[in-house]
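Thanks for passing this one along. Here are my notes, point by point, to read with the structure open.

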Amino acid sequence: MEDGIGGLRHMLTTVFFSAFAGFMVVPVITDVTVAAVCSGPDDSCSLAVYLTGFQQVAIGMGTMIMMPVIGNLSDRYGIKTILTLPMCLSIVPPVILGYRRDTKFFYVYYISKILTAMVCEGTIDCLANAYVAVNIHGSTRISAFGILAGIKTIAGLFGTLVARFLPIALTFQVSAISFLVGLVYMRIFLTEKLNDDDHHRGTYHQEDHDSINATMLAEPILNETPIKTQVFHKKYSSLKDMISLMKTSTIFFQALVVTFFSSFSDSGMESAFLYFLKARFGFDKKQFADLLLLITIVGSISQLFVLPRFASAIGERKLLSTGLFIEFINMAIVSISWAPWVPYLTILFVPGALFVMPSVCGIASRQVGPGEQGKVQGCISGVRSFGKVVAPFVFSPLTALFLSDNAPFYFPGFSLLCISLSSLIGFFQSLLIKDVPTPPLNKAINKTSGEEV
């Protein structure tokens, strides 16, 4: 496998196809849902909000269980092998709505989406992050995470742009084709080394033991704990393994707490934001697409060019705190939108929100060795899924209540204000993560040699 970020091109292409297919349906699914379950196209009925919330809960519960298992299996059997299943299943839901979108077929899609997304939702991102963590080391890793996120955002840009001009039926058909092309491309071009435990042990002792020690010393950021080349002792995922890592690494535990609150707020925005715009300002498919298009343009530029520079200048922890605080400001302003142009204005704050997860992944990936990145990224994805489970229980009823005529007081964006407070809590938690600089490679080697002697 090629060294450096250039060696990631096949994984980046796979992520692009899958993200392109996923983002295409985002601007149209709200209108499709309302048309299928509500009495009129302009009716923001509570049923559509509750259905979206229930779907998020069901998918989140499934992925919360599946992500750690999938991450662990990818360490054992290889990322390419495990990635095949979710990419196959992702094709099914858009095929259904590409055929018909009446009430009956919508519910068929709804059920199939829940069942397939329990395995597919976030799996490609999780495995792609693990792939980056395994193949990119040192200070360039956070840049690689940023590029990966940037490619996904660019895919969202093109997906939203295509959805802006295509008919609804054709949008779902093109989405299904894109998933299929991504699957075929991945199976043909993506290469990897299987992260088998026995293979790693043999490699460490037979090839270059000193270089592995240097790598492990240059990457972990644990405080007051001995550096270990292996944290997990079993080949298959277990809750005990995750708890062991969280107890061993305070930084990793704090990163998981930040992940939960970030996911909690993101999931709340996902379930409330578009319905808020539709009820408050009468947004439709075209306006959704325009807004998402601008968001993805700003996001892709920030992730590809701004994030790597900021990460090297201020460090991952400060970048994480900055992103969370900007995300709080963004959602707080959206919650008090007084005109249709206000959500467009807040696009200026989008880069901050997109800094969060690459920073978390970069911090967490330095807690373990290359053979256990799937487990760590799976654990992060599991916590993100847990946030997605909890958020709809809170924000779906809250959104439906304050968008209805029975609201206790007039504040249509009240649920969005509560969502912003979740990001603020994550911001305060991120301040507790200690900045532990990576030791220079030569000093790390000398220090280890001295301790061994």
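1. Let me start at Thr123, which is buried, with a relative accessible area of 0%. That value is well inside the class, because buried means under 20% relative accessible area. Please keep in mind throughout that this is a predicted model. Thr123 sits in helix α7. Setting aside residues up to four places away in sequence, Thr123 touches Met67, Ile70 and Pro86.

2. Helix α4 (residues 79-89) packs with helix α7 (residues 123-135) at an angle of about 165°, and their axes are 10 Å apart. That angle makes α4 roughly antiparallel to α7, since angles over 145 degrees count as roughly antiparallel. As for the hand, the crossing of α4 and α7 is left-handed. On the α4 side, the contact is made by Ile79, Ile82, Leu83, Pro86 and Met87. Thr123, Ile124, Leu127, Ala130 and Tyr131 contribute from α7. By class, the residues of this contact of α4 with α7 divide into nine nonpolar, one polar and no charged.

3. For the overall picture, the chain has 21 helices and zero strands. Of its 453 residues, 56% are buried. The accessible surface of the chain comes to about 19400 Å², and carbon and sulfur atoms account for 66% of that surface. If you look at contacts between residues at least 6 apart in sequence, 84% join residues at least 24 apart.

4. Which residues of helix α18 are buried? The list runs Val356, Met357, Pro358, Ser359, Val360, Cys361, Gly362, Ile363, Ala364 and Ser365. In other words, ten of the ten residues of α18 (residues 356-365) are buried, so this helix is largely enclosed by the rest of the structure.

5. Next, the start of the chain. The axes of helix α1 (residues 9-24) and helix α2 come within 5 Å and cross at roughly 35°. Gly22, Phe23 and Met24 of α1 make this contact with Val26, Pro27 and Val28 of α2. The residues of the contact of α1 with α2 divide into five nonpolar, one polar and no charged.

6. Is Val26 buried or partly exposed? With a relative accessible area of 28%, Val26 is partly exposed. Beyond its neighbours within four places in sequence, Val26 is in contact with Leu274 and Leu292.

7. Finally, take a look at Ser321, which belongs to helix α15 (residues 316-335). Its relative accessibility is 4%, so Ser321 counts as buried. What does Ser321 touch, not counting residues up to four places away in sequence? The partners are Phe427, Ser430 and Leu431.

Definitions and conventions:
Residues are numbered from 1 along each chain as its sequence is written. This is a predicted model: local features need pLDDT of at least 70, side-chain atom pairs count only at pLDDT 80 or more; totals for chains, interfaces and linings use all residues. Side-chain values use heavy atoms; hydrogens and water are left out. Helices (H or I, at least four residues) and strands (E, at least two) are DSSP runs, numbered from the N terminus. Buried means under 20% relative accessible area, exposed over 50%, partly exposed in between (1.4 Å probe, protein chains only). Contact means heavy atoms within 4.5 Å. Accessible areas come from the Shrake-Rupley method with a 1.4 Å probe; for residues, only the protein chains shown count as cover. Axes are lines fitted to C-alpha atoms, for helices over the stretch in contact, and angles run from 0 to 180 degrees between N-to-C directions. Angles under 35 degrees count as roughly parallel, over 145 as roughly antiparallel, 65 to 115 as roughly perpendicular and the rest as oblique. A crossing is left-handed if the near helix is turned anticlockwise from the far one by less than a right angle, and right-handed if clockwise. Ala, Val, Leu, Ile, Met, Phe, Trp, Tyr, Cys and Pro count as nonpolar, Asp, Glu, Lys and Arg as charged, and the others, Gly among them, as polar.
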